[in-house]
Each structure stands twice: as structure tokens, then as C-alpha cells.
Amino acid sequence: MMKPVIGIATAAFLAFSATLPALLAPVTPVMAAGETVGAETIRVALVLESGKLKSTAASVAISSNEGLAVTLRSATSAAALPADALSAATIRAAGDQFRLKLLETADLAQAKTLKDQLASSVQPVFLLTETRNGKQFYQVVAGDYASKAAAASALAALKLQPALALLSSIPQVQGPFRLSAGSYANHAEADKARAVYANQGFETAVALTVKTGAAASYEVWLGAETDNEALAVLKLNVLKSQPALQLGTADITKPYVVKRQDATSSESGAANASLLLFPVQNVKLDVAPRKGEFTVAEKNNRTYRGKAEISYHNNKLAVINELPFEEYLYSVVSGEMGKGWPAEALKAQAVAARSYAKASGIKYEIAHVSDTNLDQVYDGNEDADSIAAVNATAGEMLIDKNGPILALFSANAGGMTSDGSDVWGNTVSYLTVGPSPDDGAEKAKALWHRGVLPDGQVAYIHSDYLEDTGAKNAAGLSVYQITENAVNARREPYVDNAKNPAVAKLNMGEKVTVFGEARESNSYSWVRGPYDSGELLTLMNKTLSEPIPGSLTSLDVTKRGVSGRVTELSANGKPVKVSTPDAYRSVLGGLPSTRFEIERSGGYTIQGAGGASASAANGAPLYALTANGQAQPVNASSYFVLNGEGKVNYTGGAAAMYTIKGTGNGHGLGLSQWGARGWAEKGSDYKQILGYYFDGVTLTKE
């Protein structure tokens, strides 16, 4: 039962009135309407390793049709890179560490083939280009290693690949140690000087260096050596051709960027990006579009507002999207609900998302939140309805005595919101348990029929491809027929060729004996399985810290929490140990929620007179009593049981089979998104919706 809110009797909630106003007094803002929100920013981790967050990339490519502005920052300095240093609308950035130079050739096709062959075994792989003596050359450079030893080990492994064994050039380890061949006033002059050394066969690059209080300056750097000894050898070789040249050692302890011409994504081999290599210690690149938004290739070419900050954190590449806080919410609300949802539900989502982000603090050391399911959906996409909802609630959030609350939400509570103890094992004061109008998620979903196929398999078939013949089999079950050719029959009632492939294809006119039906699995109601005991045991033992020994003979729900969610699952009569009750979702292969029941087939129980009962597993002899009192064996590998309510259950073959049926999608804590939609469609406003799902909180406005 749900605890009363604002003193209203619990029974009123169970009746599900048409609107909330009769049930609940709205929460009210404690600050005046119209008060403006400050220009606050939020930092969203796009690429970062921190705690549970494991979002990685070996390099990052950022682009904007309007051009990019790049600033090189350190703790003591910041300098904008001159526009002439960025020759393309795309920059690719990576740490200036140890790499593998695997090929240098004038043959573009050869270079591209090698790059593609290596892409699955090492990252990143760059295709770099430069002109020497009027001819175009290409380099395949791979990897990002923190030490010479790590790079050498990787190279030894790569040399075993046939792709490298056939190369005419000798792969080598490269490093960040370089010579400085002088400073220049602009990029054009520096690049002209660089070309002279390149024509002589030396490894070259233009570097932009920053000194405290000064603008970025251009230098020509030579080499890519692994240590100071190799650098000394390089210096002798350069001086042989130009004895009077004043060479210095490039200062790689100061902020700098090494610029190369990148053709990694080019079909023609022409440079279409600037590769910027920067120190991995205490240096950051701020990359912002000169106008509009920017795109990140490694995030499926998603587009974002604000700027990208590129650095190294915990020895890994980090990309943080920093943008105005309210603009961040445009994408969150669009991704969590989106276009076409009721305005009041969108507003409730906006307030919940704002509260969640505010309460998160610096959750990931250098970022407030991530763009993963550890936090809130954030993919850069926006729609007008969601933007309007964010603007209409600007600055509003839910607080309790400790400040902004972690206003949790899930896609669908499955008809009943959850308590913290049902999910984490501990309660949270402001999370309420009670009915939620979530079934809207299944109302438009198609019906699937479950039946016996001509070959004896049991599967689901979409109702659009079946028609009732009017005939019945000997047990009184309806016989349907297929209405088209090549119709898929699936184990579970939904279309997903990867997770739920067809178990059979049926053609027009083939007969199916139907004994059950279900709505297409959706955010509210779903079906998983059936699994045989061996399949289910393998699935569970993949994630259990204490695997189930032997075979699986039984799997039962032995405890439920106040919201009806599973809090204890027992296998072979012993509780399955998990860190929190919600972990049962992962244990059972990624279930949408823990609000489920397990149906076991592979046997039957007969209730006799006086309450007596007897059970048998499939494979045990089954007999029919004839009119003369003789018991005749029934020869069937599987059969159906009709219970006292007229419901038909399939008992399967000799092996036990487990089907998991449930409601809900997510942990069910706090706001149910489909529930918010249901309340909004009944006429409730966002304040009333929030008051229903969060207890003892106040709606405030910054």
C-alpha cells in the first residue's frame, strides 16, 4: 500500500481517479515566478574513465561546418591557436605519446588497405599525409602508448600479423622527443621551412607553443624519437646536411600542439583534418564551433551545443562537453521523453532531470554527469516540445532539507512504483510506493498468438499474419492458418533479429494450434524465454560472483518487496546471492525490471479431492482412464494442461522450461515516465505529477 501524501487516504490512489487535483495539493515554488536563472554551465563526460564510468576512445575527431576555434590551456596559460593553423573544418586530437609508424609509402591504396586491416586490432590508426619534392606520401601510424616498452610490445604482437609481414618498409616505434629548427611568424612560413626538411627525408611537423602571457608561436620540429639518445643521433644526421643550422631540443614540458595533416577519413588521400597531438600532462584543448554546434565522430556523429574540452585523465583520453545548464536539459528531456509527449509530462521530466543533475555534483572527478545510462540520456538531439518544457520550468527543481534531491526516474514502473529497499536494499525518504498509470505503453502494441507449429515447436506469431479457421482440435483449441509466405515465428513476442531471431518460417495456409496470446513486449509488459534449465544456468553463471553448482533443477521467487518486485530469487532451493535486488535483472540476462514472475513448464500438478495433490515431471508416464476403467498410456513427448479456470498451459518436453513474464522498464524508483504521461493525459499538471511521485519535497526556483 502506498503511504498517504498530504494527508490524503491511500484508498483514493488505488481508485485511480481521472485527475490528480482531487488527490493531491500541488507543490508551490518558494521563489518568485519570472526570476532569471544565471548563466550556469554543466560538464558532461562524452569520453572518460572514472569510477563506474568506462567510456573510452583512443582519439577524437570534432568538426563544424562553420569552422573551429581551438585554445591551448594549462594551469598558468591559455592561448588561442591562430586560424591559419587549422586548415580544415575537422580536427582530430590525441595525446603526444609513443606510437607505431607501420608504413610510409606513395601508394595510397596500400596505405588505406593496411589502415583498414589494423583497425580491429589497434586503436587509433591514423593515415597521415605530406608532400615531399612534389610527390604525395602517406604514413600509417597506430596506437597510443604511455611508454616505449608498451609500444615495443605492441609492435612485436603486430609483426605476427600477415598484413605487416608483407611490408617492404620496417615498422618502428616513435616517441615525443624532437628537435626544434627555429621559430616563425606565421603558419605559412613555418610550413615552408618544414617542407625543406621533409624533402630531405626527415620526420617533420609544425608545432605551436605557448609561453605564459604570450600568444601561440610557430616552430618547426624534427623527428619523433623515443629517447634523448635517439635524439642526439638525429641531431648529428641533420647537421651533416646543414652544419650551420642552430638546432635546439623541443621543450615538451611546456604546453604545445604538434600539427600533422590527417587523411584518415579521406577517400582521395587529401588531408581533410588537422591532427593535433598535445601533451598528456596538465594540458587541455578547448574546441568550440565558431558558430552553431559541433559534431563528434566517435559519438556516432552526434551534434552538441557548447564546447569540447579534450585532455587526459587517469592516463586516458577524456572529452568533456561543457555547455549552459538549461541547454543541456533540452537534449535530456528530448531523449528521455521527446516530441509528441504531453506538455505537463515533459515539464515534470524537465524538473526531475534538472534536480538530478544538480544533486549529482562533480560525480566523475572532472564532470558532473555522463551521457551514458549511469545518468540521463544525452545525445545532443533536441525537439521543440522539450525545449518549451525546459524553458517553461527554467530553474525549477525539487529539494528537501539537504538541498536538491536525486530525482530518480525510470521509463515505466510497471503499474507500481518502487521503494529503495526493493532496488538497493535501503529506503529513500522522498521515494513513494504506489500505483502508477503505466499501461499506456502497451495499448497500441500488436497482439501476438502463441501456438504449436506444424513441426511441433511452440512459438509466437504476429496476429497480422494469422486468421482463425473456425476449426478446433481434439482438445478444443482453436486452429489458425498463416496468411502470407515467409512469416517469422519467434520465441518471444517482439521483433529483434539479433536478440529474438526467428525459430521457423511459415508459409500461407500452414496451420497453427493457438493456446495463448500476449501483447508485443513493450515498456509496460514483456515476456522473456522460454529457457531450458541448461540455457538459463549458463546465462546466470555469467554474472554471478558465486555461480550455481551442478545443474539447475528449480528457480523460484522466494521474496518480494513492498512494490511486488523480486528481492530474493532461489535456485535449487538456495538464495541466489547478488549485491542488490536490482542486480537480478543482469543475472537473468538483462531483464527490463525485477517486477516479474517465473513460469515453469516441464511438469504438472494435479489437485485431487480433499486438497490432495500429486506432481510429475515431463518424461514421467501419463495415463488416460478409459470407460471400462483401464489405464492407457498416453504417448506424447509434450502436452498441454487445462486448469480449473480453463487456462491452457504448455508443459514442454522432458526438460524443464522457464518463462519470465513481467511489467515495467527500469528500477521503478521516483518518476515513472509512462506514469507521468498517463497522469498528464488525465488532466494533471506537472506540479501535481511531481508531488505524486516524490514525497515531502518542495519545488523551488533558482
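Buried means under 20% relative accessible area. The model discussed here is predicted.

Q: Is Arg354 buried or exposed?
A: Arg354 lies in helix α8. Buried requires a relative accessible area under 20%. Arg354 has 0% relative accessibility, so the residue counts as buried.

Q: Which side chain makes a polar contact with the side chain of Arg354?
A: Leaving aside neighbours within four places in sequence, Arg354 is in contact with Phe325, Glu326, Leu329, Val390, Thr393, Ala394, Gly395 and Glu396. One of these also makes a polar contact with Arg354, side chain to side chain, at 2.9 Å. That partner is Glu326.

Q: At what angle do α7 and α8 pack?
A: Two packed helices are described by the angle between their axes and the distance between the axes. For helix α7 (residues 325–336) and α8, the axes are 9 Å apart. The angle is about 125°.

Q: Why are α7 and α8 oblique to each other?
A: Roughly perpendicular covers 65 to 115 degrees, and roughly antiparallel starts over 145. The packing angle of α7 and α8 is about 125°. The two helices are therefore oblique to each other.

Q: Which residues of α8 make the contact with α7?
A: α7 passes α8 in a right-handed crossing. On the α7 side, the contact is made by Phe325, Glu326, Tyr328, Leu329, Val332, Val333 and Glu336. On the α8 side, it is made by Leu346, Gln349, Ala350, Ala353, Arg354, Ala357 and Lys358.

Q: Which side chain is joined to that of His313 by a polar contact?
A: His313 is found in strand β20 (residues 307–313). At 17% relative accessible area, His313 is buried. Not counting residues up to four places away in sequence, His313 touches Leu48, Glu49, Ala318, Glu365 and Ile366. The polar contact, at 2.8 Å, is with Glu365.

Q: At roughly what angle do the axes of α14 and α15 cross?
A: Gly675, Ala676, Trp679 and Ala680 in α14 meet Ile689, Tyr692 and Tyr693 in α15. The crossing is right-handed. The two helices are oblique to each other. Their axes come within 10 Å and cross at roughly 135°.

Q: How many of the residues of strand β27 are buried?
A: In a regular strand the side chains alternate between the two faces of the sheet. In β27, Val458, Tyr460 and His462 are on one side, and Ala459 and Ile461 are on the other. Both faces are covered. The buried count is 5 of 5.

Q: Which residue takes a positive phi in the hairpin of β26 and β27?
A: Strand β26 (residues 447–452) pairs with β27 in the antiparallel sense over 5 bridges. The bridge partner of Val452 is Val458. The hairpin has 5 residues between the strands. A positive phi near 95° belongs to Gly456.

How values were computed:
Residues numbered from 1 in each chain as written. Predicted model: local features only at pLDDT ≥ 70, side-chain atom pairs only at ≥ 80, totals over all residues. Heavy atoms only, no water. Helix = DSSP H or I, 4+ residues; strand = E, 2+ residues; numbered from the N terminus. Buried < 20%, exposed > 50% of the residue type's maximum accessible area, 1.4 Å probe, protein only. Polar contact = N/O pair within 3.5 Å; in protein donor to acceptor, adjacent residues only side chain to side chain. Contact = heavy atoms within 4.5 Å. Axes fitted to C-alpha atoms, helices over the stretch in contact; angles between N-to-C directions. Parallel < 35°, antiparallel > 145°, perpendicular 65-115°, else oblique. Left-handed = near helix turned anticlockwise from the far one by under 90°. Pairing = 2+ DSSP bridges.
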